[in-house]
Amino acid sequence: MKIHRGKMPFPIIIISICILVFIAVLYAERLSFLSSKSIFKFKPCPRKNAKLKSSDKKVDEEIVNTTWIDDRFDFDSEECNIANGKWVFNQSIKPIYTDITCPYIERQFSCIKNGRTDSDYQHWEWQPEDCTLPSFNPVLALKKLQGKRLLFVGDSLQRNQWESFVCLVEWIIPQNQKSMKRGVVHSVFEVKEYNASIEFYWAPYLVESNTDIHFIGDTKKRIIKVDAIKERAKNWTEVDILVFNTYVWWMSGSRIKSLWGSFSNGFEGYEEFDTPVAYKLALKTWANWVDSTINPNKTRVFFTTMSPTHTRSQDWGNMKDEKCFNETKPVRKKKHWGTGSDKRIMSVVAKVVKKMKVPVTFINVTQISEYRIDGHSSVYTENGGKLLSEEERTNPQNADCIHWCLPGVPDTWNQIFLAML
């Protein structure tokens, strides 16, 4: 037979093309299967490590902690929706500080030191769906703060976040290069080596009131001066990074006594407003001060969204009315939202900030914290300056389901904050 060199028979060509098409279809189908979206829709910042499903009983693959500074991370706060994600349990994660090694944690947040025996709440990491969140890097944080002042302003939840930030960085600073000065209103952690300070200023309403300095326990006697901020805010100038919050003190009732002008007339002259209305008046006062005082070329302004309270266990299906007492795992229901986060307040903040001239960046902690019913101080805290007794710890109604254990959830808030910086 005569052999035709250099040419393939036509049937073989057809068969080869069919095989290639079949392989391409299979490959495309596999990509579709692996992705929750179409293969033509790519995520803006893909994860570096694939996580096993929570339904898997055994985790054979350990998450490897790479160096703190990782150029592969492509975090963009404008493209990545931090609130959309899930908490993933990872036993290999170890907090970089404890409430024993960090000397700056108040007893109110020192859960392990106060007798909490379970520690699983320290091993959950937040995994956004659309991007990879970089780990908190204390060296990078201090370099970002070199020659600068960072000031957290707000309530006890803001102090929770401030103490977390201090503990996340202080352990790498030589003893003779750091100092802490605590005050009733203003506390300062200094880092001499970096000529930097990490500060906290107590202003639970941001505006002035008759209870923020001289505490009034009876909420019916509290009056908020919704148009006055200068006396507090004069201490917030000449700062490079400002982080504000205000929420939980507004939740003392459905109505708030609000006052214009001076306190010299005592209780005379106040009006009662629904809480969202009074909150809006106060936040507008804050916004006007920021717009009229802050130079955005010199100072960055952040606002930490509301930290949820977990005082109603029925919200997550526990009908025993035990608050967050004895909770050891996060809520697994997607988009869980309880009664401890007021969407009316969230709406007020969004609308007021939208109209401001000075850019304000949100540190969105509300949704991610909603799941963490296990992370609160609960009964491992103090009341009236004294630790709860063994007997008091058996009563669920004594549980503090507002503040958070340290180390714990506020460390993730600061992880997000540093990524935004």
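Biologist: What should I keep in mind before I start?

Modeller: This is a predicted model, where local features need pLDDT of at least 70, side-chain atom pairs count only at pLDDT 80 or more, and totals for chains, interfaces and linings use all residues. Residues are numbered from 1 along each chain as its sequence is written, and side-chain values use heavy atoms, with hydrogens and water left out.

Biologist: How many helices and strands does the chain have?

Modeller: Helices (H or I, at least four residues) and strands (E, at least two) are DSSP runs, numbered from the N terminus. Here there are eight helices and 17 strands.

Biologist: And what share of the residues is buried?

Modeller: Buried means under 20% relative accessible area, exposed means over 50%, and partly exposed is in between, with a 1.4 Å probe and protein chains only. Of the 421 residues in the chain, 48% are buried.

Biologist: At what angle do the axes of α3 and α8 cross?

Modeller: Axes are lines fitted to C-alpha atoms, for helices over the stretch in contact, and angles run from 0 to 180 degrees between N-to-C directions. Angles under 35 degrees count as roughly parallel, over 145 as roughly antiparallel, 65 to 115 as roughly perpendicular and the rest as oblique. The axes of α3 (residues 156–170) and α8 (residues 409–420) cross at roughly 75 degrees and come within 9 Å; the two helices are therefore roughly perpendicular to each other.

Biologist: Which residues meet there?

Modeller: Contact means heavy atoms within 4.5 Å. On the α3 side, the residues include Leu 157, Phe 165 and Leu 168, and on the α8 side they include Pro 410, Trp 413 and Phe 417.

Biologist: Now the aromatic rings. How is a pair of rings described?

Modeller: By the distance of the centres and the angle of the planes. Rings of Phe, Tyr and Trp (its six-membered ring) pair if their centres lie within 6.5 Å; planes under 30 degrees apart count as stacked, over 60 as edge-to-face and the rest as tilted. A search of the whole structure finds 22 aromatic pairs. In one of them, Tyr 201 and Trp 236 are edge-to-face, with 6.0 Å centre to centre and 80 degrees between the planes. Tyr 201 lies in strand β6 and Trp 236 in the loop between α4 and β9, so this pair ties together parts that are 35 residues apart in sequence.

Biologist: Are those two residues buried or exposed?

Modeller: Tyr 201 counts as buried at 6% relative accessibility, and Trp 236 counts as buried at 0%. Phe 244 and Trp 286 also form an edge-to-face pair, 5.4 Å centre to centre with 75 degrees between the planes. Phe 244 is in strand β9 and Trp 286 in helix α5, 42 residues apart. Ring pairs link residues into a cluster, among them Tyr 201, Trp 236, Phe 244 and Trp 286.

Biologist: What about backbone angles?

Modeller: Most residues other than glycine have a negative phi, and most peptide bonds are trans. Here, Asp 321 has a positive phi of about 55 degrees, and Asn 326 has a positive phi near 65 degrees. Asp 321 is partly exposed at 38% relative accessible area, whereas Asn 326 counts as exposed at 56%.

Biologist: Where is there a cis peptide bond?

Modeller: A cis bond joins Leu 406 and Pro 407, with omega about -5 degrees. Pro 407 is found in the loop between β17 and α8.
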